[in-house]
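Open the model in your viewer and keep the sequence panel in view. The stops below say what to select and what is there.

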Amino acid sequence: MLNNIRKLFPTLMLCAAVSLTVASSAIAGLPDADHLISQKGKQFGPRDVALHTGEHVTIVNDDGNFVHHAYIEDDEFAFDSGDIEPGARAVITFPKEGDFIVLCGVHPKMKLAVHVR
Ligand SMILES: [Cu+2]
């Protein structure tokens with residue numbers, strides 16, 4: 001099941017040209033003025049976030065031992081975090097206006113709506 005889902009997204013792995021940072025929880029204590037998004041309970045929390053152009057969200061895998069993921073498939077903006085291991089995080093910077101949906105390739109029901117103005 002997991003492998004089948006991941007086979008759907010190999011090309012995304014090649015075109016993740018947007019800045020990506022996956023850091024360990026070792027620096028989780030740093031103050032974060034940006035938008036923190038939880039993945040607890042196999043859902044993004046909050047499920048909606050509003051940003052200004054150039055701002056970023058930090059997606060934190062705070063969901064026990066589950067591996068999560070985050071990707072955006074949009075004509076103008078593609079992003080793929082790869083695996084987000086427990087305790088790790090991924091930063092997505094949004095360079096342009098629009099409404100984007102962040103998905104998890106492991107759990108297709110996980111959705112985060114990002115509104116950039
Ligand atoms: Cu997930």
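**The whole chain**

Begin with everything selected, and bear in mind that this is a predicted model. Colour the protein chain by secondary structure: it has 2 helices and 9 strands. Reading from the N terminus, the order is α-α-β-β-β-β-β-β-β-β-β. The protein chain has 117 residues, of which 24% count as buried. Take the contacts between residues at least 6 apart in sequence: 57% of them join residues at least 24 apart.

**Confidence**

Now colour by pLDDT. The mean for the protein chain is 81, and 72% of its residues reach 70 or more. Select residues 9–33, where pLDDT stays under 50. The model has 32 contacts beyond four places in sequence for this stretch. Strand β1 (residues 20–23) has the lowest confidence, at a mean of 42, whereas β5 has the highest, at 98.

**The nonpolar core**

Select I37, I59, A70, I92, V102 and V114. These are the residues with the most contacts inside the largest nonpolar core, which has 19 residues.

Keep I92 and show what surrounds it. Which residues is I92 in contact with, leaving aside its neighbours within four places in sequence? They are H56, V57, I59, A70, F79 and V102.

**The loop between β2 and β3**

Go to the loop between β2 (35–38) and β3 (48–51), where P46 is found. K42 is found in this loop too.

Select K42 and check its backbone. Its phi is positive, about 55°, although K42 is not a glycine. Most residues other than glycine have a negative phi. Is K42 buried, exposed or partly exposed? It is partly exposed, because 14 other C-beta atoms lie within 10 Å.

Move on to G45 and P46, and look at the bond that joins them. This is a cis peptide bond, with omega about 0°. Most peptide bonds are trans. P46 counts as exposed because it has 12 C-beta neighbours inside 10 Å. Then draw a distance from P46 to K111: the two are 65 residues apart in sequence and 9.8 Å apart in space, C-alpha to C-alpha.

**The loop between β6 and β7**

Select I84, which lies in the loop between β6 (79–80) and β7 (89–93). Is I84 buried or exposed? It is buried, because 22 other C-beta atoms lie within 10 Å. I84 and N61 are 23 residues apart in sequence, and their C-alpha atoms are 6.5 Å apart in space.

**The loop between β8 and β9**

For the last stop, select G105, in the loop between β8 and β9. Why does G105 count as buried? It has 20 C-beta neighbours inside 10 Å, and a residue is buried if 20 or more other C-beta atoms lie within that distance. Show H69 as well: G105 and H69 are 36 residues apart in sequence and 5.9 Å apart in space, C-alpha to C-alpha.

Technical notes:
Residues numbered from 1 in each chain as written. Predicted model: local features only at pLDDT ≥ 70, side-chain atom pairs only at ≥ 80, totals over all residues. Helix = DSSP H or I, 4+ residues; strand = E, 2+ residues; numbered from the N terminus. Contact = placed C-beta atoms within 7 Å. Core = buried A, V, L, I, M, F, W, Y, C linked by C-beta atoms within 7 Å. pLDDT = per-residue confidence, 0-100.
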